[in-house]
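Please have the viewer ready.

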Amino acid sequence: MLEIAISDEAGVALVRASGRIDSSNANELGSALTTAIDAGKINLVLDLSAVDYMSSAGLRELVAALKRVKCDGGDLRLAQPSKRVLDVLTLAGLNTIFVIYPSQAEALSSY
Amino acid sequence: MVVSEKHLRIAARREQIAMAVDFVAHQAQLAGLDDDGIHQCSLAVDEACSNIVEHGYKAGTEQAIELTCREEDAAFSILIADHAPAYNPLNQPEPDPATPLDQRVDGGWGVSFMRRLMDDVAYQHHNGRNILVLTKYLDATRKRIGVKQQDRHLFLVAPMGDLDERFSQRLALALGGEIAAGHKYLIMDLSGVDLVTSGGLKMLVSVWQRAREQKGDIVLAGLNTAVQEVMNLTGFDLVFSIYPTVAEAANLHKFR
């Protein structure tokens, strides 16, 4: 089960996901990120605090979105990933590619 | 020695992968892997199945993935088999994590994940099937059950740690195996056990009943004060023969 909420926080698109992200639903995350980007947002924060499991399918969506916003001079920053998600990010070497913040507030105000 | 072998067959569809992951996670838990080990096995199986779904079978064909979880003394193995055209995923080159973002090619993570998550990853092609074997070696901390032969007919089991729900499930498996193998006279040395939960009590009763069905017996020894109190409160001290030490249990109890 995956739930995604998108909101606008002073021009920054905040995407909050909760649940489990695997190859059966990673495209939903991708769609949410794409929706925000298509609406003109180039600064994104993805709050992962409520995601208890993410496989490489989820990582692919993150990387695809990051590439897109970087092209336009923006960024996709990650907020408060759980230990499990941080493990997966580290395994893929993405912990140095994404900027990761310990809280949603810090991620949002980093822009 | 194979302690347990369980099978699951799923359709090679993305929506079914979670079922395979849950199956493997549960078997890994029963095999005594810690939370990290269980998560690693889950991720590895997720990747393997995703690769088969994405790349293995041609679109539009309804095919299956067969999973086997095998627990042996020193290893927990996951076998993932499919009937797609022969393909060895281990031949893929590993992506370099140091690759800068704009040069990264999507995909190919699955195999590097599996190699990093598991202790061993092997591939065979056999009987028209691709078989991927993912293995986690089980270390000494898992051998907290310690079954020893006390004398010709008597066996000693000395579990280490709290008899919580999870450990009790593993003990039940292990002891069930002992009884089935004919080792029906057992002394459970509980001196290494600080705490017995209701799951632990249920397990003790159930294995005791199994032993009795085979005309065997299980007695308890080395209970600390807290555990003895639990036995007294629950009336289990009327069901089980309880001795202060293993030696007394071995010398004094009439097993047959």
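Predicted model: local features only at pLDDT ≥ 70, side-chain atom pairs only at ≥ 80, totals over all residues.

The side chain of Glu5(B) meets that of Arg70(B) in a salt bridge, at 2.7 Å from N to O. This pair ties together distant parts of the chain, since Glu5(B) sits in strand β1 (residues 2-11) of chain B and Arg70(B) in strand β2 (residues 64-72) of chain B, 65 residues apart. Arg70(B), at 25% relative accessibility, also counts as partly exposed.

Salt bridges can also share partners: Lys83(A), Arg84(A), Asp87(A) and Asp36(B) are joined in this way into one network. Over all chains, the structure holds 16 salt bridges.

| Salt bridge | N to O distance |
|---|---|
| Glu5(B) and Arg70(B) | 2.7 Å |
| Asp75(A) and Arg77(A) | 2.8 Å |
| Asp22(B) and Arg20(A) | 3.2 Å |

**Where the chains meet**

Asp22(B) is partly exposed, with a relative accessible area of 44%.

How much area do chain B and chain A bury between them? The value is about 2100 Å², with 60% of it on carbon and sulfur atoms. In terms of residues, 26 from chain B are in contact with 21 from chain A. The rule finds three salt bridges across this interface, along with eight residue pairs in polar contact, both residues of each at pLDDT 80 or more.

On the side of chain B that touches chain A, the elements giving two or more residues are α1 (14-30), α2 (35-56) and α3 (109-117) of chain B. The largest share, eight residues, comes from α2(B). Sorted by class, this side of chain B has nine nonpolar, seven polar and ten charged residues.

Chain A has its own Asp22, and its setting is worth a look. Asp22(A) lies in the loop between β2 (12-21) and α1 (26-38) of chain A. With a relative accessible area of 2%, Asp22(A) is buried. Leaving aside residues up to four places away in sequence, Asp22(A) touches Tyr53(A), Ser55(A) and Ala57(A) within chain A, and Ala18(B) and Asp46(B) in chain B.

**The make-up of chain A**

Chain A contains four helices and five strands, which follow one another along the sequence in the pattern β-β-α-β-α-β-α-β-α. Of its 111 residues, 52% count as buried. Among contacts in chain A between residues at least 6 apart in sequence, 69% join residues at least 24 apart.

Which residues of helix α3 (residues 83-91) of chain A are buried? They are Arg84(A), Val85(A), Val88(A), Leu89(A) and Leu91(A). Viewed down the axis of α3(A), these buried residues fall within an arc of 165°, so they line one face of the helix. After α3(A) comes Gly93(A), with a positive phi near 70°.

**Positive phi in chain B**

Asn127(B) has a phi of about 55° and lies in the loop between β4 (120-126) and β5 (129-137) of chain B. Asn127(B) is exposed, at a relative accessible area of 67%. Lys215(B) has a positive phi near 65°, and its place is in the loop between α5 (198-213) and β9 (217-221) of chain B. Lys215(B) is exposed, with a relative accessible area of 67%.

Conventions. Residues numbered from 1 in each chain as written. Chains lettered and ligands numbered in written order. Heavy atoms only, no water. Buried < 20%, exposed > 50% of the residue type's maximum accessible area, 1.4 Å probe, protein only. Contact = heavy atoms within 4.5 Å. Buried area = accessible area lost by both parts, 1.4 Å probe. Salt bridge = Lys/Arg side-chain N within 4 Å of Asp/Glu carboxyl O. Polar contact = N/O pair within 3.5 Å; in protein donor to acceptor, adjacent residues only side chain to side chain. Nonpolar A, V, L, I, M, F, W, Y, C, P; charged D, E, K, R; others polar. Arc of directions from axis to C-beta.
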